Amino acid sequence: YEWLSSRLHGLDAVVLSDIEALEEPAAAQVREFLGVTVGAALMVPLVGRDGLLGILCLVHNGSPREWGQESLVLGHIASYVFASAILRVRDEERSRTLELEVAQARRMESLGLVASGIAHDFNNSLMGILGNASLLREELEKGTNAWVALREITESARGAAYMTAQMLSFSGSANMSPASADLEALVREVAGEQRAHLPTGV
């Protein structure tokens with residue numbers, strides 16, 4: 001509808017007293033848009049904050065009709081009322097969407113606080129398990145069934161500690177910052193600490 005669009009996007013009313021008197025392709029576009037039985041039409045744009053919202057059409061079937069000043073004024077009043085209603089509905093929809101987003105954010109924050117509390121308590125329990133396991137391993141002979149079982153307990157506890165760290169990271173309460181590490185120096189440090197517990201020659 002190029003002919004209609006070019007006039008309506010100017011945000012002015014389009015007054016058509018006799019559609020049959022229009023030249024082609026304007027007449028064909030108007031008949032297709034309004035219907036073949038329409039003889040006259042008054043089209044008033046619905047204007048919002050961001051431009052054209054829609055079109056209010058007053059039609060007269062069959063014969064031509066002259067649209068007086070009163071009709072034009074009423075058309076503009078009606079278009080203002082409809083445009084205001086449309087904008088109000090859109091504003092209410094945006095407000096509801098924002099309220100849902102805020103509520104979701106609050107639920108996630110509450111979930112994070114709960115996860116943080118559980119993770120801290122669980123982490124404290126794990127530290128006790130790992131500490132006692134370390135002390136107990138010093139009392140056991142390496143390679144025995146009890147020593148191997150205790151090592152598996154320690155590895156499982158460390159895996160649980162890693163998952164706890166993930167929970168704390170999710171809740172935002174973990175103080176984590178990426179940093180580079182010297183793996184060779186770390187291995188030497190651990191080996192030095194454990195050397196006293198290793199057999200001679202290892």
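Reply: Start with pairing: two strands pair if DSSP finds at least two bridges between them. Keep in mind that this is a predicted model.

Me: What makes strand 1 and strand 2 a pair?

Reply: Strand 1 and strand 2 share three bridges. The definition asks for at least two, so they count as a pair. The sense is antiparallel. In this pairing, V15 stands opposite L42 in strand 2.

Me: How do you know that strand 2 and strand 3 pair?

Reply: Use the cut-off of at least two bridges again. Strand 2 (residues 38-48) and strand 3 (residues 51-61) have 10 bridges, in the antiparallel sense. So the pairing holds. One of the bridges sets V38 against N61 in strand 3. The two strands form a hairpin, with two residues between them.

Me: Why are strand 1 and strand 3 called edge strands?

Reply: The sheet is open and has three strands, in the order 1-2-3 with antiparallel pairing. Strand 1 and strand 3 each pair on one side only, and that makes them the edge strands. On average, neighbouring strands of this sheet are turned by 15 degrees against each other, direction ignored.

Me: What holds paired strands together in general?

Reply: Strands of a sheet pair through backbone hydrogen bonds, either parallel or antiparallel.

Me: Why is S71 called buried?

Reply: Buried means under 20% relative accessible area. S71 has 15%, so S71 is buried. Its place is in helix 3. Leaving aside neighbours within four places in sequence, S71 is in contact with L42 and R65.

Me: Which other residues of helix 3 are buried?

Reply: Among them are G75, S79, A83, L87 and G112. Further along, L126, L130 and A133 are buried too.

Me: How do you know that helix 3 spans close to what is expected?

Reply: Helix 3 (residues 69-139) has 71 residues. At 1.5 Å a residue, the expected span is 105 Å. From its first C-alpha to its last, helix 3 reaches 104 Å. That is close to the expected value.

Me: Why do the buried residues of helix 2 line one face?

Reply: The buried residues of helix 2 (residues 26-34) are A26, A27, Q29, V30 and L34. Seen down the helix axis, they fall within an arc of 165 degrees, so they line one face. Just after helix 2, G35 takes a positive phi of about 115 degrees.

Me: What makes a set of residues a nonpolar core?

Reply: The members must be buried nonpolar residues, joined through side-chain atoms within 4.5 Å. The largest core here has 11 residues, including W3, L4, V14, A26, V30, V38 and M43. Helix 1 (2-8), strand 1 (14-16), helix 2 and strand 2 each give two or more residues to this core. A second, separate core has five residues, including L126, L130, A160 and A161.

Me: Which pattern does the protein chain follow?

Reply: The protein chain has five helices and three strands. Read along the sequence, the pattern is α-β-α-β-β-α-α-α.

Me: How much of the protein chain counts as buried?

Reply: Of its 202 residues, 23% count as buried.

Conventions. Residues are numbered from 1 along each chain as its sequence is written. This is a predicted model: local features need pLDDT of at least 70, side-chain atom pairs count only at pLDDT 80 or more; totals for chains, interfaces and linings use all residues. Side-chain values use heavy atoms; hydrogens and water are left out. Helices (H or I, at least four residues) and strands (E, at least two) are DSSP runs, numbered from the N terminus. The expected span of a helix is 1.5 Å times one less than its number of residues. Buried means under 20% relative accessible area, exposed over 50%, partly exposed in between (1.4 Å probe, protein chains only). The arc is that of the directions from the helix axis to the C-beta atoms. Contact means heavy atoms within 4.5 Å. Axes are lines fitted to C-alpha atoms, for helices over the stretch in contact, and angles run from 0 to 180 degrees between N-to-C directions.
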